[in-house]
Amino acid sequence: MSAAYEKLQNCLKSVRACTDFVPKVALVLGSGLGGFAEQIRVVYELPYSLLEGFPVSTVPGHDGKFIFGYLENIPVVCMKGRVHYYEGYSVSDVVLPIRLMKLLGAEILFLTNASGGVNAGFSAGDLMLITDHISVFAPNPLIGENIEELGTRFPDMTNVYDRILSQIIAQVAAEKQIPLQKGVYAQLTGPSFESPAEIRMLQALGCDAVGMSTVVEAIAARHCGMKVCGVSCVCNLAAGLSPEPLSHEEVQAAADAAAPKFTALLYEAIRRMGA
Ligand code: HPA
């Protein structure tokens with residue numbers, strides 16, 4: 001058994017010592033988007049800090065706990081707060097929570113994040129359905145000994161973001177008249193924001209939004225056979241596209257402002273996914 005799998009099994013045992021809850025949908029709430037958790041009828045809350053070896057976030061605005069409960073009658077596990085590679089964790093630790101949620105029973109992974117808008121047609125506060133990603137600027141989470149128990153050595157990444165789940169999200173947005181951009185998300189390591197030259201490079205590569213998370217999680221989830229979908233909250237125009245300097249506070253304020261439409265979209269989309 002690989003060391004990474006052994007660690008995962010230990011975390012699984014610790015969770016199972018606390019709860020036998022079996023989620024269908026796993027949800028990762030990004031920076032400033034944690035308020036969605038209030039929608040969940042909570043059965044059990046588990047702070048990450050109680051799980052031995054589990055990565056714990058150091059970023060303000062990232063609470064750091066699993067919330068097990070129901071959204072209507074759909075069993076969900078929600079990560080309120082995630083860890084980022086820039087915090088110094090190995091990328092294998094960064095994706096451990098995703099693999100853990102799979103082992104707990106989750107079939108669907110709904111990823112959310114705060115991002116910078118790279119597409120010049122985007123505005124701060126837009127929501128973007130993630131249709132594809134660019135992973136080459138972040139370390140691949142599958143590097144190292146393959147965890148055979150989870151998946152194959154060379155997983156296909158043709159359709160990372162599930163077509164049917166993405167259609168549900170787009171359909172709900174249309175019905176609720178929530179404007180929804182669609183595009184390609186690139187993960188860079190951070191923690192510094194990008195330079196204007198880097199943003200021009202990302203534009204040339206066909207990228208629409210940039211952030212510091214999500215892609216490594218999506219890759220790990222596909223590797224272990226989860227269905228994946230994602231929505232990004234474009235919290236600011238990326239460097240060089242607006243005269244303002246970027247700040248974490250601005251990102252949080254924009255995420256707060258987008259919270260009502262974000263919550264409405266997620267709630268109904270997850271309800272239909274679980275049906
Ligand atoms: N760049 C990278 N990550 C981000 C940004 C950005 O402009 N905004 C929010 N997260």
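Biologist: Which residues lie nearest the centre of the second largest pocket, and how many line it?

Modeller: The lining has 13 residues, and Ile130, Thr131, Tyr161, Arg163 and Ser166 lie nearest the centre. Two elements each give two or more residues to that lining: strand β6 (127–134) and helix α4 (163–175). One caution before we go on: this is a predicted model.

Biologist: How is such empty space found?

Modeller: A probe the size of a water molecule is rolled over the atoms, and this shows where space is left empty. Here the second largest pocket holds about 170 Å³. By class, its lining has five nonpolar, five polar and three charged residues.

Biologist: What is the volume of the largest pocket?

Modeller: About 350 Å³. It has 24 lining residues; Ser31, Ala114, Phe193, Met212 and His248 lie nearest its centre. The elements giving two or more residues to this lining are β5 (108–117), β8 (209–211), β9 (227–237) and α7.

Biologist: Which element gives the largest share of that lining?

Modeller: Strand β5, with four residues. By class, the lining of the largest pocket divides into 13 nonpolar, nine polar and two charged residues.

Biologist: How many cavities of 30 Å³ or more does the structure hold?

Modeller: One. A cavity differs from a pocket in that the probe fits but cannot get out. The volume of the largest cavity is about 40 Å³. Its lining consists of Ala4, Lys7, Leu8, Ser92, Asp93, Leu96, Arg99 and Ile147. By class, that is four nonpolar, one polar and three charged.

Biologist: Which element gives the most to the lining of the largest cavity?

Modeller: Helix α1, with three residues. Along with α1, helices α2 (91–94) and α3 (96–103) each supply at least two.

Biologist: Now the packing. Where do nonpolar side chains tend to be in soluble globular proteins?

Modeller: They tend to be buried together. In this model the largest nonpolar core has 42 residues. Phe54, Phe66, Phe68, Leu100, Met101, Leu109 and Met226 have the most contacts inside it. Helix α1 (residues 3–18) supplies the largest share of this core, five residues. There is also a second, separate core of 37 residues, including Val76, Leu127, Val231 and Leu265.

Biologist: Take Leu109. What is it in contact with, leaving aside neighbours within four places in sequence?

Modeller: The partners are Ala26, Val28, Ile98, Met101, Glu217, Ala221, Met226, Lys227, Val228 and Cys229. Two of these, Met101 and Met226, are also among the core residues with the most contacts.

Biologist: Are Cys18 and Cys224 buried or partly exposed?

Modeller: Cys224 is buried, at 5% relative accessible area. Cys18 is partly exposed, at 35% relative accessibility.

Biologist: One last residue. Where does Ala253 lie?

Modeller: In helix α7 (residues 248–274). Ala253 counts as partly exposed because its relative accessibility is 46%. Compare sequence and space too: Ala253 and Thr19 are 234 residues apart in sequence, and their C-alpha atoms are 35 Å apart.

Technical notes
Residues are numbered from 1 along each chain as its sequence is written. This is a predicted model: local features need pLDDT of at least 70, side-chain atom pairs count only at pLDDT 80 or more; totals for chains, interfaces and linings use all residues. Side-chain values use heavy atoms; hydrogens and water are left out. Buried means under 20% relative accessible area, exposed over 50%, partly exposed in between (1.4 Å probe, protein chains only). A nonpolar core is a set of buried Ala, Val, Leu, Ile, Met, Phe, Trp, Tyr and Cys residues joined through side-chain atoms within 4.5 Å. Contact means heavy atoms within 4.5 Å. On a 1 Å grid over the protein atoms alone, a cavity is a set of points where a 1.4 Å probe fits but cannot get out, and a pocket is an open set with protein on both sides within 12 Å along at least five of seven lines; lining residues have an atom within 4 Å of a point. Grid points are joined across faces, edges and corners, and a volume is the space filled by probe spheres set on the points. Ala, Val, Leu, Ile, Met, Phe, Trp, Tyr, Cys and Pro count as nonpolar, Asp, Glu, Lys and Arg as charged, and the others, Gly among them, as polar.
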